[in-house]
Structures are given as C-alpha cells and as structure tokens.
Amino acid sequence: MDHANTQIVIATFAVIFIILYKIFSARAGRDIYIRRIAGLNALDEAVGRATEMGRPMLFHPGVGPITDLATLAALGVLSHVARLGARMGNRLIFVTAVPVLVPVAEDIIRQAYQSEGKPELFRSDDIRYLAAGGDQLALGSIDLMRKEETASHFFFGAYDYTSLLLTEPGQHTGAVQIAGCRDYFQVPFFIASCDYTIICEELYSASAYLTREPTMLGSLIGQDLAKIVILVIILLGTLAITAGPTVIHYFEQFVGGPYK
Amino acid sequence: MWKKSLIAIVTFLGGVYFFLEFVVPATIPWKTTSGVVLSKPTSSELEIGLVRETASIQVMDRTTMVRRVGSGALEQALPDSIRPGDLVTVTTPAGYSTTGIVMPESSPRWVKLGRVAASKTVGIEKSILIRRMRARGSGEQVGLDKLNASSSASADWVQVGARTYLSDWYDNVNDFFIVLGSMAWGMGLLSLWLVHSSNIRKRRTEWSLSVLFFAAVALGVVAGLGFGLPEDSREWTKKLSDIVMFDLLRPLGSTVFSLLAFYLASAAYRSFKAKSREAVLMMVAALTVMLGQLSLHAWLTSASTWILYIVTTGAVRAMEFGLMLSGIAIGLRLWLSLERGAFFDREV
Amino acid sequence: MLDFLIKLQKVDRRWIYLAVAVACIVPFIVPMRLSVHPSRETRGVYEAVEKCPRDKVVLLDSGWDAGSLGENMGQGQVIVDHLFRRRIPFIVVDIGGSAQGPQFMNAVIKDIHDRKYPDRRYGTDWVNLGYNPIWGWQVITLVAKDIHKAFPKDYQGTKVDDLPLMRRTHNIDDISLIYTVNYSPCEDYISFVHGVYGTPIAFACAGIQSTTEYRFIPPRQLVGMLVSARGSAEYEVLMYPNNPEMRVSKGTELIVPMTYGHLVIIFGVLIGNIGYFAERWKRRRV
Amino acid sequence: MGIAGEPQTLWEVWLAAFITIGIYTFLYSDNKLYRALLNIMVGLNVGYWFIVGWKQVLGPKWWDLAWGTLHAHIPAGAAWPTRAVYWIGAVFSHISLHPWAFIYWFILGGLGTLWYFQLSHRYLWLSRIVIGMTVGMGAAVGFKGSFLLNAPQITDSFRPVLAGSPSPLWSNGAPVGASVPVDWLQSANNIIFVTTIFCVMVYFFFSFSHDKKTIRGSASIGRWLLMITFGAFFGNTIMTRMAIFLERVQFLVRDWAQKTVPVTPAIYYAYGAGAVLLIAAIYFLTRRPPAKPPVPETVEEERQPTGPGATAS
C-alpha cells in the first residue's frame, strides 16, 4: 500500500480532526478533566524531604532531543518541581547533554523562582551542560550526586541504557528517586530502583496535569477518544471472528479494505 | 512576530509534500481503469478486460488452487502467492471446483473470482500511468513492453489512469531532506569540542584527558580517510583504519557495553525484592523468562514463550497503540506549530 | 542464624561481580554441552530461508558493531552459513547501523567461506555494498525502488554494475527475503517494505529489543526472529540436528556460559529476598 | 584478522587485553584509566564517523552535485602559480555553466549551517527554522509509517474466543464457524490476549476518573499485566548484557590466556613481564584517589567546576 486506500484516508483525517478539535476547544477555555496520576503526590514529598535535610535536588531531563515529546513533557514537570523547590526555598540542579536545553531550562527555572518571589535563590550555574554524550553524562551526574549530596532525584523524559547507571548511586545514598520514563525498555529498571515510577504515556498526562497547558490537555483527550475507537474496533473484530470466517471477512473488508 | 510566522510556514511546508504523497492516490480515481490485459499492447493503445465477480470462495486448509499459465500449462498455486489477474481453478475440500480470474479484493483466506464482462481500450499518452498488481502490496510502475497479456490464461492485472505527478518527485525531496538532516552531524562534534576545549583552557583537573580526546578525534579523522578502500590496498590510511577499527574500537566498544552486565546483576540482587504484589509479579515474570532463555528444559522455554507471545505481546501492543497516537498528535502539533511551552514560546 | 540471613541482602556488590565473573569463566575452561530447544520465532526464520528461491537474492542488512558483538555476530554467522549451504545469493548492506558493520560482516563471511564453502565467489554468490549512514525509511525506500541508486559502489569502491549479481538485482521484486542483523533492527522495514510491497522480513536483534518485536510475529509482519545468542544457537541446532561438531557460531559458544551466568543472577535474587524476608520477620517479632 | 577481527598477533592480543582489563577496573573503583579509555573511544568514534558521513552522504549527495566536475575545467599540466589562476577562473566558469546546481548547493549549505545556531542564546530561533523543516517532514511521514505498522497489528488482535487449533491460514486458531473442533487451550490464550489489550488500554485512559469500580478493576489488572511485561523486559535485558559480557570473557580466557600460552622462551618471558607490567600499571592507575569527571560549563558563561568526587559507591 504505497498510497492510502479509502479507509486509511478516512482514518487519517478522522484522527487529525478529533485531535485538532479537542485542542482548539481546550484553548477556547472548555474545562477539561484529566485524572490525577498517583505518582504526583510523591513529587511534593520528595521536594519536602530534600528541604528538611537541607540538601539540593537533581533533575535529569532524559537524553532525547528538544523536539521529542518526552523531553517536552519533562520540561513541563521541571517547571512544577522548580516552583515547589522555590516555594520551600531549595536548590534545584539541572543536568543535560543537549545544548539547546540549557537556555530553555534556564528560562523555566528562573521563571519559577521569580513567580514564587525568590529570584535570589536562582543560580544560573545550577543548570549544567555536563557532557555531550550518554555515558559521560551519566558519569558526570553520578559525581555531581556525590559531591552535592543531592537528596532527591527526578528522572523524567526519554532514556537509554544509561538509566541504570543514573539510578544506582541514588539508591545507595538513600535519596528519594522519582522517575517518569517514556521508553518501556528502561521502565523496569526505574521500577526496580526508584521509589515511584510514572510509566510510558502517564508521563505525558502528568505533565499536562501539572501545567494545565491547553494544547497538551486537548491533544491528550483527543488521543483518548482515538484509543477508544481502536479498542471498540478490536472488540467488534473479536466478536466478528468468533462469529465465523464469513463475518470476519466482510468486517475486515469494511474496516481495513483489502490489506495489500 | 514575523520570525515566528516564518518558522511556522517553513515547518508546514517541510511536511506538506510527504503528507500529500501518502494521501493522494497515484492515479486520478475517476480516470482510472482497472482490469486484465487482454491483448499485446501497441505503442499507442492498450486493451483491458473489465472483470465482473462470479464467485467468492473461502479458502480452507485443504483447498487446492491450480493456475493456468501461458501455452495452457497448469501449475500449483498457494493461497498467498496468487496474483490478481491469474486464471485459477479453485477446488474446495468438498470437491466443488470453480475457474475464474483472481480479483484484487481477494485475500489469502478468501478468493474472489470473476470473468471478463467487457473490454475497454485505453489510449497511451505521457500522462498515463500503468501500474501492475503484485501478489501482495502496491502496484509496480511498468512499461508497456513488460506487460504480458492473454485472454485464455493468466495475465497481468493493471490499473491504468491519468497520473497525479506527486510521486515522481519522491526521490528528489527525499535526497533534499537526507542532506539537510546530515548537515546536523557536526553538532555532536561541536558540542564535544566546546566541552573539552573549555576543560583545557581553564586547566581543569583531567584537562589532560581532554587533550587525549582531541588526539583521539584526530586519529579517528585520519583513519576515516582509509574507509572504503579495497581490502588489499597498500594505502597506509587503510592499515590505520583497520587498526583503529579492530584493535582499538572493537575491544573498547564491547567492553564498555559489557560493564552493564555487572550493574544489572547488582541491581537485580539489590532491588528485586518482593515488596508488593506488583514487585512479586515482575520478579516471577523476570525469573520465568530468564529460565526460559536458558538451555535447561523444554517446558521452561514454553513457559517463557507463553508470557512473551500472549501477555507481553498484548501489553506492548496496547502501549504501542497509545504511543502511535501520541506520536501522531505531537507530530500534528509541531507540524501546524500549535505547540506551546518554554521552548516554543521563547520570544525570538 | 537470623542475623546471618539478614546479612545476605547486604553483600557488597563487588562479591556479586566476582560471583558472576567466576560463573562465566568456568564453562569456558571446562567445556560442557547442554541441550538447546528451538523456539517458534527461530523456526520461523529457518523455514523462511528454506523457502527462498535460488533465482532471487536475500538482502542482509548488518549494522552491528563491537558494542553488540556477543549477540549479533552469531546471528550473522548462522544466516551466512545457511545461505552458502543452499547457495542462495545474498547482498550485504549496512543502512544506518555502524560504520564498522560492513568490515565485521565481511570478516564473518570470509571466515565461513574459508572454513566450509571455499568454492563460493564474491560477486556471484554474495556482494557487500557497504555502509550508508542514514538510518530509517529514507534509504530503505530508496533501496526498495532502486538499489543501484542507493548504493552506486560496493564496500571497496567497485562499481556495482561490474558485479554479475547486481546486474540482475534492481529493486524489491528481486529480493525474496530481508534479514536484519542489528542491536535494534529498524522497524521501518516492516512499515515501508513489508507494508508497501509485502516482502517477508526477518529480524535478528538483541534480547532487550526482542521483547517489543514479538508482537510482529503473529500477523506475519515478521516471518521470524533470532533473539540474542540464544537465537543463533537454536538456529544451528535446526541446521545441524545430528552433527553438533558443525555448530561453530558465537551463539553456540556462548549459550552454556550464559546459562551459568543467568543462574548466578537468579541465585542472587533469591538470597536477596531470603534476607529481605528474614529482616521483615525479625521486625515483626520484636 | 580472524573472525570479525579477533586479534591475532601478539601485540594485538595484549593491547586488547589491556583495554579490556583497564575498563573493568572501573568495577573496583572509579579511576582515571577508565575515563581515559572512555574519552579515547568517544573521540575515535566521532572523528571516524564524521569523515565517513562526509564520504558517504554529504560528498556525493551535496558537494559533488555542484563541484564534482570542477577539475574538468583545469587544463592538465599547468605549473602551480598559473594553475591557481586557472582554479579561480574554473570556479566562475563552472558556476556560469551549472547555475542551478550551484544554487541548490548554496541554499542547502545555508540551511544546513542554521543547525549550529542551537549553540547560541541569541540566534537560537534561526536553528528553529531548520529544526521545523525536519520535524514537519517527520510528522507527515509519521502518518504513513504508523498506519502501515499498526493496521495489521489491529486486525491481528481479532482473536476468536472459541477457537480451533492454529493452522497456516488461521495462526491464532480458526474460528469454530469454520467447522473445526474447539481447542480450549487456544481459546483460553485468545481470551487472555484480548483481555490484556483491553485492560492495559483502559489503564492508559486519562480522560475519565478511576472511581468507577469496573474501570478501576480493569485498570489495576492492566497494571499487573504491565508488571509481568516489564518483568519480561528485565529478563531479556539481562540476557543481552550477559551475552555482550561473555564475549569479552571469551576473549580473555581463550585469546589472551590461551593463544599467548608460552611456546618459546621469548614469548614466555614476554608473557610474564607483560602480565606483571599490566597488573602494575592498573594498580598504579587505580590506587590514586579517583579524579572527578571532566565537568564542562554551559556554552556561554563561566561555571564553577565540581571538586574531586568520592569513589564509585
């Protein structure tokens, strides 16, 4: 199928329509419900714990590029964590291996501290461009954790095989670790070595929930509707195939067209 | 502000070609004729037989198919290898047999047969596109001389119609983006250079390692010159390239990655505790799969196979559907510049 | 006694490392053999290669390098062995893998060629087209449309038109199977080649990646898959069921030590949990 | 070279052995040798790959389109000073001969340079032009890719609840309507499969709350099934890492320790001396308090360096 057949064209435009419609209705101010992700309470506890111990916090935005949805979601979480930290008057250290993230993160964190009325707490050298590669970044962060004795670590975004290297030391020093990982290869390691893990897509909804950013909320709802459609198709198909070869044949012809 | 709109326009234009190329069919639908080639085409016109459906048969495990090829010879055909346009005789397990031309709508489980109801002659010009149906997959673009025609045996099923010229540009647009993407490769080198040069300038501890790094880059560049030379070439760059590749990079790469085995071992030991019901589930599954991977016993293997083919497949599929949709959504948001947030709202 | 059990979960990690290392070294020094049970995904690849016609070629995309050598090398060896045995011509390419891919694969081919099939000739029985750094659909679609355009020269600079095999290979219709050996094979093969042209695809991938690729096997988007070193060991069992001395791939060499390494880790998990439960029991008692 | 370049000659084996053991010293404690080797690896990869990238893509697809035939304008056998003049003339005549090739080359080059403004705070927006182009392209292709990848996934998820045993045509068991006896095991598998998809997808619905009992129930079942899946991921990952590690062990045990086993006195002494030197070197390099990592600054202004860290836990 080099070019889309009728069904696929319809599906394409249907998905586009649903998502765009929801985004724009969200922007128009329609209030939108998103269920709270359980792990978000853990964020507050982690920040509070670090403040009690009088130690800084570390935020790691993953290894993805700036245009990666996971990284964008991570930045949304970052602004929330930074605001919490500012409210309690604690330092937040931000490490990355992606140059573009440095100015962006600087803006976010400075804004957070200013909006909480504690601009003096913001130090621009807490945003660290540690290294240019995965392994090097992991090593750098590990040393940073030891040197600054960070008490709570936040890992949000897209991760590769370096995830274990990052979470191991925190587990030794007994730091509170909260992870939100989009790549399900790495989720098991976060689950095993972090206090709370936000799984795959939950990351997106967590970010949307925290920032209440209409575009994110809207497209999240749109995706939900599309998912429901897929689920309904699957259930109908299950019934059809149970009903016999003839039914499923016509059902498949109707849903997917001749899959060539 | 104009900067933002410029970025938005450029972003949209970047994607519009590939989107249209996917959505718009290769030939204008209402100017397309679809059918079997009846007679050897001349340079100017092509005779196509329009097929009407006569039978639609469900394929069972014991259904047999015989394809009639040119010169009247017969050959066995498998359900997934029959091509639209084939003249086949389908015999059901019950013994009923039907003969007809395979139609494009048939699938491996269900064959639709038809016969030539009428014939139509299409004039061939430059704007006409001829696509021949494959056994599976999309039609391939063919010239007139490649078509094999017959009215009494298997022939080619073609779709002939006025072309929408979009697909002709595919390779050029593709090349453009390939080059544009490749231009970013310097970024990695440049950011590394920033890191290490500042190390050296400020004489930070381990600045010697940064010097070493630059030496390694230089060595790598020189060795790269030997890339792609013949195996037996006497060039010294080739020899250097081999040394770098096989004597340095090979042990370095494999050893650095193998360190993870140890981290994994200690992580498994330290953090795989039966703390909660979920942890227990995860642990049991992990141990089952691990045991299944080993050459210990057949039923251990089948246990892990069950997990991988039923539970894992289902769960991963469910997650992938979600990720697909979120990928489409973010793509849409970026493509139409609807995205908000720190990066996109920075004043430019 | 209880305190000892509790100590079990506080062993220094270096002891774990040592245990793993020893468990892995011993089987190399004291050779032993265990039975291997071919799995569904491995059989799928084997049968697909058995079905390949001799007048078409197999596209062998090998993008592995030192980082994943332990897994991918064996997977490359077995397929080359099988294709040479059935005398099916194959084309080695490296699309967006690693710059070292072609050389490594070439060394593998040369070794099997010298050891088992000295009469196979470069240019007629196999071709190595070298490396193209672009990962993903951009080059894959190009190969499907016109492979000469995607790879004008082979890995040592010869024009492809001078190679007899390439003279009769032009686009996807001349390819009967695509076999991808890589740490994480490119899923664009499934969408942009199988989805568009229906060409059968087989993956040979790292264990970690395999977990997500299983979902492609039931709908036959993948005819089969070789998983890690285990896959190549099983494949050789299928190829040489009765003469084990012919099984020489990396996978067969590694499968037994791997068993022991796994057992040590499983053992570690178990004693860790024993310690954990002992501690909990003690806490409950006081 | 042996199989995939396994080291053959003595010095190759020893070099590989030194590198391997040197990196494994990191397991004992973080040290300078490990970091040095890591830097060498990154450097070699970057440098080598940069040239290869030019040779394979940017050269043929971009540079040569415009300048590939430039040398044709240079008359052979001209002496150097005059040759230089020829070159300059050739450039202009070449441009006038192939204006479009030149324009294409120029525009692409200009766009390509925009990538590098990512490193500047002020002109970041310029890089967003080219980022936008590629992202837009990726988004548009994403439609085709994801539909072609997932349409068969959806149709394959139709599993008969009452199934016969699997057959070539019905890999998930033929529906009982196809006049086949019921295979209860297959049916159970199919039911579990569909349930898994249902529960996991429900778990990832965000737009309605989990207060309803049915939804909460299926969502929690979904979470358990996810845990099983992640367990499978964990197991397979261990296999991967183990295989890669074993390949190194195999080298150390077979190639290093056995291939260099003494056959002549010379090799015997070389082996002994080398072993001593190797151990000494590694001891010397790991003994000192491990230094801190290269901690660079952000692109623009001065940052304070991090001090020496402790050993790796």
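Among contacts in chain C between residues at least 6 apart in sequence, what percentage join residues at least 24 apart?

## Chain C

The share is 74%, where a contact means heavy atoms within 4.5 Å. This is a predicted model, in which local features need pLDDT of at least 70 and side-chain atom pairs count only at pLDDT 80 or more, while totals for chains, interfaces and linings use all residues. Residues are numbered from 1 along each chain as its sequence is written, chains are lettered from A and ligands numbered from 1 in the order in which they are written, and side-chain values use heavy atoms, with hydrogens and water left out.

Chain C contains 12 helices and 6 strands; helices (H or I, at least four residues) and strands (E, at least two) are DSSP runs, numbered from the N terminus. Its C-alpha trace spans about 80 × 40 × 35 Å along the principal axes. Of its 286 residues, 67% count as buried, a term for under 20% relative accessible area, with exposed meaning over 50% and partly exposed lying in between (1.4 Å probe, protein chains only). The chain exposes about 9700 Å², and carbon and sulfur atoms supply 59% of that area. Accessible areas come from the Shrake-Rupley method with a 1.4 Å probe; for residues, only the protein chains shown count as cover.

## Chain D

The secondary structure of chain D comes to 8 helices and 0 strands, so that from the N terminus on the elements run α-α-α-α-α-α-α-α. Buried residues make up 56% of its 313 residues. Of the contacts in chain D with a separation of 6 or more, 42% are between residues 24 or more positions apart. Chain D exposes about 13000 Å², of which carbon and sulfur atoms supply 73%.

The domain assignment of chain D gives domain 1 (98-144) and domain 2 (157-204); such bounds come from an automatic or database domain assignment. Between the C-alpha centres of these two domains of chain D the distance is 49 Å.

## Helices 5 and 6 of chain A

Two packed helices are described by the angle between their axes and the distance between the axes. In chain A, the axes of helix 5 (residues 134-148) and helix 6 (residues 163-173) come within 9 Å and cross at roughly 10°. Helix 5 of chain A is therefore roughly parallel to helix 6 of chain A. Axes are lines fitted to C-alpha atoms, for helices over the stretch in contact, and angles run from 0 to 180 degrees between N-to-C directions; those under 35 degrees count as roughly parallel, over 145 as roughly antiparallel, 65 to 115 as roughly perpendicular and the rest as oblique.

Helix 5 of chain A contributes A:Ala138, A:Ser141, A:Ile142 and A:Met145 to the contact, and helix 6 of chain A contributes A:Leu165, A:Leu166 and A:Pro169. These residues divide into 6 nonpolar, 1 polar and no charged. Here Ala, Val, Leu, Ile, Met, Phe, Trp, Tyr, Cys and Pro count as nonpolar, Asp, Glu, Lys and Arg as charged, and the others, Gly among them, as polar. A:Asp143 is also found in helix 5 of chain A and is buried, with a relative accessible area of 6%. The C-alpha atoms of A:Asp143 and A:Pro169 are separated by 9.4 Å, with the residues 26 apart along the chain.

## Arginines with positive phi

A:Arg212 has phi near 50°, a positive value in a residue other than glycine. A:Arg212 lies in the loop between helix 8 (202-211) and helix 9 (214-243) of chain A and is partly exposed, with a relative accessible area of 40%.

C:Arg220, not a glycine either, has a positive phi of about 60°. The loop that holds C:Arg220 is between helix 10 (207-213) and strand 6 (224-227) of chain C. C:Arg220 is partly exposed, at a relative accessible area of 44%.
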